[in-house]
Amino acid sequence: MRKILSNKWISIILALLCTVLWGSAYPVIKLAYRELSIAETGDKLLFAGIRFAIAGVMVFIAALIIRRRVPLIGRDRWGWVLLLGAVQTGLMYFFNYIGVSNTTATKTSVLTALSAFLSVLIAPLFFKGERLSPYKIIGIILGFAGIMAVNFSSFDFSFSLIGEGFIILATVLNTAGGFLSKKISKGKVFETTAYQLFFGGVMLILAACIMGWSVTITPTGVWITLYLAFVSAAAFTIWTALLVYNEAGQILIFNLFIPVTGAVWSYLVLGEREIFDPMYLISVVLISAGILLVNSHRKPRDNSTD
């Protein structure tokens, strides 16, 4: 497994698959909001919580089928897994959903890209064998330039704590979650992913109950929710495995590609035509070049020493 997942081109293809899955969630979530009459922040948190809790159950069942045993985590690791669920799912999406409700899509896209930027810059501080090479520096600059290329004209520099502030906090939590996932998931990818998603989902459900919610349940809405749960289950499992067997920065840089795949899916599902803007093509080229640079000159590593 290590040999396969640490292979440069296989890891790039799988990371891109994760961005395609996560990108598809953008328009499908819009459909869900419309179908289930979701408008308030509490409604969104409840929806997200149910989605991630179901995703955790899906990963648990997959592990049960594949491993043919109940996926368990040792007592000494429970605290770390619950912390991961709180950071990467519960708190991250809590601040993200509130922040998104209080700022523009343009700012959300740009500020979210900071997660990939931060991950490459500070990964060497936390993991042995990770180096901040000139290729990585140029790569993250190109990738961030790609995000700015499609957002700069409509970007303004106003700031609010519960808007841009919460988005920045969510990006920091996302980066921290990626590092935690890499640190604690070795040998227990399915188990770690299942329990952290479920626990994070429960946290969001409890937050929604405190804030109040009102959601209309429909058969179509249920199918949409199950699809989004599958997206989270599959993408988080693959992503966690990739983080275990590769440098954190080389994988987390792919977060820059999620807005691009989201725009493509928005055209396919919702008919939104922003993807045909010439600046999107420039953005794709810059982000792709940045990702390839960050992943160039990689060497096989023994992750057991991290």
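Biologist: Which residues make the nonpolar surface patch of about 470 Å²?

Modeller: This is a predicted model, in which local features need pLDDT of at least 70 and side-chain atom pairs count only at pLDDT 80 or more, while totals for chains, interfaces and linings use all residues. Residues are numbered from 1 along each chain as its sequence is written, and side-chain values use heavy atoms, with hydrogens and water left out. A nonpolar patch joins side chains of Val, Leu, Ile, Met, Phe, Trp or Tyr within 5 Å, from residues with over 30% relative accessible area and no salt bridge. Accessible areas come from the Shrake-Rupley method with a 1.4 Å probe, and for residues only the protein chains shown count as cover. Here the patch consists of Val-57, Ile-61, Ile-65, Ile-66 and Phe-198. Helix H3 gives the largest share, four residues; helices are DSSP runs of H or I with at least four residues, numbered from the N terminus.

Biologist: Is Ile-65 buried or exposed?

Modeller: Buried means under 20% relative accessible area, exposed over 50%, and partly exposed in between. Ile-65, in helix H3, counts as exposed because its relative accessibility is 61%.

Biologist: Which residues touch the most other members of the largest nonpolar core?

Modeller: In soluble globular proteins, nonpolar side chains tend to be buried together. A nonpolar core is a set of buried Ala, Val, Leu, Ile, Met, Phe, Trp, Tyr and Cys residues joined through side-chain atoms within 4.5 Å. The largest one has 76 residues, of which Trp-22, Trp-239 and Ile-253 touch the most other members. Helix H10 (residues 219-245) supplies the largest share of this core, 13 residues. Contact means heavy atoms within 4.5 Å; beyond four places away in sequence, Trp-22 touches Val-231, Ala-235, Phe-236, Trp-239 and Ile-258.

Biologist: How many salt bridges does the structure hold?

Modeller: Side chains of opposite charge can pair when their charged atoms come close. A salt bridge is a side-chain nitrogen of Lys or Arg within 4 Å of a carboxyl oxygen of Asp or Glu. The structure holds two. In one, the closest N and O atoms of Arg-67 and Glu-191 are 3.1 Å apart. This pair links distant parts of the chain, with Arg-67 in helix H3 and Glu-191 in helix H9, 124 residues apart. Arg-67 is partly exposed at 28%, whereas Glu-191 is buried at 2%. Glu-247 and Lys-136 also meet in a salt bridge, at 2.4 Å from N to O. Glu-247 lies in the loop between H10 and helix H11 (248-252) and Lys-136 in helix H7 (residues 134-149), so this pair ties together parts 111 residues apart in sequence.

Biologist: Which side chain of opposite charge is nearest to the buried Lys-44?

Modeller: In this count Lys and Arg are positive and Asp and Glu negative, with His and the chain ends not counted. Lys-44 has no salt bridge, and the nearest side chain of opposite charge, Glu-40, is 8.1 Å away. Lys-44 lies in helix H3 (residues 41-67). Leaving aside neighbours within four places in sequence, its contacts are Tyr-33, Ile-38, Ala-39, Tyr-97 and Ser-101.

Biologist: What is the phi of Ser-37?

Modeller: Most residues other than glycine have a negative phi. Ser-37 has a positive phi, near 55°, and is found in the loop between helix H2 (8-35) and H3. Arg-68, in the loop between H3 and helix H4 (75-101), has a positive phi of about 60° although it is not a glycine.

Notes: Helices (H or I, at least four residues) and strands (E, at least two) are DSSP runs, numbered from the N terminus. Buried means under 20% relative accessible area, exposed over 50%, partly exposed in between (1.4 Å probe, protein chains only). Patches are made of residues with over 30% relative accessible area and no salt bridge: like charges are joined within 9 Å, nonpolar side chains (Val, Leu, Ile, Met, Phe, Trp, Tyr) within 5 Å.
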